[in-house]
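Opening the notebook on this one.

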Amino acid sequence: MENSMLKAIAEIAQELDCGNDCYYHPTSHEIISIPNFSNFFDEEEFQECFKDELQAVEKNRPDFIKIEVVESKESFKIMKLFVDQLNDTRYQAELESILENKKPFQNFKNSIDNSDFREEWFAFKKLQLEKIVAMQLNEAKGIVK
């Protein structure tokens, strides 16, 4: 896979992790990131804040591939995959319990942030998001091999 594609995949994955939808132009490798509208309360304010980005996408919509923020069920799967691959059985059991109880996202984040596995989690999540982006780009245009 060419270097510009790898960079685009990494950038899109990072934007998704920040809660942004991405529009990718496969010819120019341009990426336009716009916060997911569901995170805004005021449509008018949203339209004004992201007017240039929205216009650029609308003007060339057929040329862009939209990659949306990962849904919570997919995020949950990523957390579960991380837990399943841990070698520390004590911490693995703690995280499994967290995922089975109330507020799994908040409690998982709190536990990870205060653990020795924080950096490992971020690297794992980044890789999983990049796989999701590559798969979506491949399905959209067959551009990722």
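Contact, as I use it here, means heavy atoms within 4.5 Å. This is a predicted model, where local features need pLDDT of at least 70, side-chain atom pairs count only at pLDDT 80 or more, and totals for chains, interfaces and linings use all residues. Residues are numbered from 1 along each chain as its sequence is written, and side-chain values use heavy atoms, with hydrogens and water left out.

**Entry 1, Ser 111.** I found Ser 111 in helix 6 (residues 104–113); helices (H or I, at least four residues) and strands (E, at least two) are DSSP runs numbered from the N terminus. Leaving aside neighbours within four places in sequence, Ser 111 is in contact with Tyr 91, Glu 94, Leu 95 and Ile 98. With Glu 94 there is a side-chain to side-chain polar contact at 3.2 Å. That term takes a pair of N or O atoms within 3.5 Å; within protein, one must be able to donate a hydrogen and the other to accept it, and residues adjacent in sequence count only if both atoms are side-chain atoms. Ser 111 counts as buried because its relative accessibility is 10%; the cut-offs are under 20% relative accessible area for buried, over 50% for exposed and partly exposed in between (1.4 Å probe, protein chains only).

I checked the length of helix 1 (residues 3–17): its 15 residues should span 21 Å at 1.5 Å a residue, and the end C-alpha atoms are 21 Å apart, which agrees. The expected span is 1.5 Å times one less than the number of residues. Which residues of helix 1 are buried? They are Met 5, Ala 8, Ile 9, Ile 12, Ala 13 and Leu 16. They cover an arc of only 130 degrees around the axis, so they sit on the same side of helix 1; the arc is that of the directions from the helix axis to the C-beta atoms. On the other side, Asn 3, Lys 7 and Gln 14 are exposed. The cover over the buried residues includes strand 1 (20–25), strand 2 (30–35), strand 3 (65–67) and helix 7 (118–141). Just after helix 1, Gly 19 has a positive phi of about 90 degrees.

Asn 20 is in strand 1 and is buried, at 12% relative accessible area. I noted a polar contact of 2.5 Å between the side chains of Asn 20 and Glu 15. Beyond four places in sequence, Asn 20 touches Glu 15, Ser 33, Ile 34, Pro 35, Asn 36 and Val 69.
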